[in-house]
Amino acid sequence: MVADGFNPGFSLPYTPEVKAKTEHLYPLVERLIPRLEWELHAPIIAAINDLKKEKDAVILAHNYMTPEIFACVGDYRGDSLMLAQEAARTDARIIVQAGVHFMAETSKILSPEKTVLIPDMEAGCSLATSITGADIRLLKEKYPGIPVVTYVNTTADVKAETDICCTSSNAVQVVEHITSQWGVDKVILIPDQYLAKNVAAQTDIKVITWAGACEVHERFTPEDIREIRAGNPGVIVLAHPECPPDVLEEADFAGSTSGMSNYVKDNQPKHVVLITECSMSDNVALENPDVNFIRPCNLCPHMKRITLAKILHSLQTMRHEVIVDEAIAEKARLAVQRMIDLPLTKGQSTYNQTGSPEVLAVESFAQIDPRSSLHG
Ligand code: SF4
């Protein structure tokens, strides 16, 4: 059901025509979606895929989308960096962002001539709402001459105030690159305090951060991992760097969603658990049938606002168009483009690859309380 109460997929029947258009897609998800449920999804999937052709649209599907979206209507799939790059590259006239609002803004920033739609305007992010452009201006006053690196999980307004963006897959490399370019030994890395702590543990650069957090990843605890290990001997634990450092200390490998996905593909562990948003395991499992996934489930309520029905509604009505003020977009584009242009962004940051407890270099880390004097 979409926010205005209209559910376009509700009455679509599963006809022989729908079956002919979608049957080739079912093997992609059959291990996760029972046949009866598939027959509810298939008419919406067929309608979306028809409309994409008719309107010259593509769907960018984040790794946290549910499998019927990720595998059956997503044209490009991956993490926020990969999706931002695809948004810039695609020739399609319309981009539908199957992800959250800051991702759609990033697509619009990189592709101002394209129409960018988000199926639900309320699909936000606890990190993106934790900081504003005005906060960054205050940080720059407090720390003059220190470069500002902004995680892509931020609004256009925040990106516009910063020197370069990063993702969890390239944060360490971006921090080392910008500080070397500026000839300084400190960096402001905002807004995720946990990503910043985890980056600080991988570099000698002093990191100043903000007290933002991902509401999904900060819920994981070291006890969760110890319990999973106790119940599943031999399980390999992969964790996202938005998790607190004591969680990463317990993991065998820490990396971005792409990093985790590549780890599973390359190493084919017998049993694995991904300490991240729920749907990620489903999507990685689709491509790795011989791996057994243990699935602790922390859902992102913002990502889960995006459904097949809302995607169809979005394409039918061209709602909700994401608009970014051009003056802000121009400045934000520079910060995103600087990241994309770096050859190092093709690499991956990994965190405590060996599971070593050496995670947080406390003495090289200053955390700013957003409720301190900065907010006057
Ligand atoms: S999983 Fe966390 S970082 Fe990602 S959109 Fe949800 S709240 Fe934001």
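**Note on helix packing and the ligand shell**

1. The axes of helix α5 (residues 80-89) and helix α6 (residues 101-110) come within 8 Å and cross at roughly 35 degrees; axes are lines fitted to C-alpha atoms over the stretch in contact, with angles from 0 to 180 degrees between N-to-C directions. The crossing of α5 past α6 is right-handed, that is, the near helix is turned clockwise from the far one by less than a right angle. From α5, S80, L83, A84, A87 and A88 make the contact, with M103, T106, S107 and L110 from α6 (C-beta atoms, placed from the backbone, within 7 Å).

2. The model is predicted: local features need pLDDT of at least 70 and side-chain atom pairs pLDDT 80 or more, while totals for chains, interfaces and linings use all residues. Residues are numbered from 1 along each chain as its sequence is written.

3. The chain has 16 helices and 14 strands, taken as DSSP runs (H or I, at least four residues; E, at least two) numbered from the N terminus. Of its 376 residues, 52% are buried (20 or more other C-beta atoms within 10 Å of the residue's own, placed from the backbone).

4. In α16, the buried residues are A329, A332, R333, A335, V336 and M339. Their cover includes α5 and α6, together with β5 (148-151), α8 (156-159), β6 (164-166) and α9 (171-182).

5. Around the ligand lie V100, C125, S126, L127, N153, C214, E215, V216, E277, C300, H302 and M303, each with its C-beta atom, placed from the backbone, within 6 Å.

Conventions
Two residues are in contact if their C-beta atoms, placed from the backbone, lie within 7 Å. A residue is buried if 20 or more other C-beta atoms lie within 10 Å of its own, exposed if 12 or fewer, and partly exposed in between; C-beta atoms are placed from the backbone.
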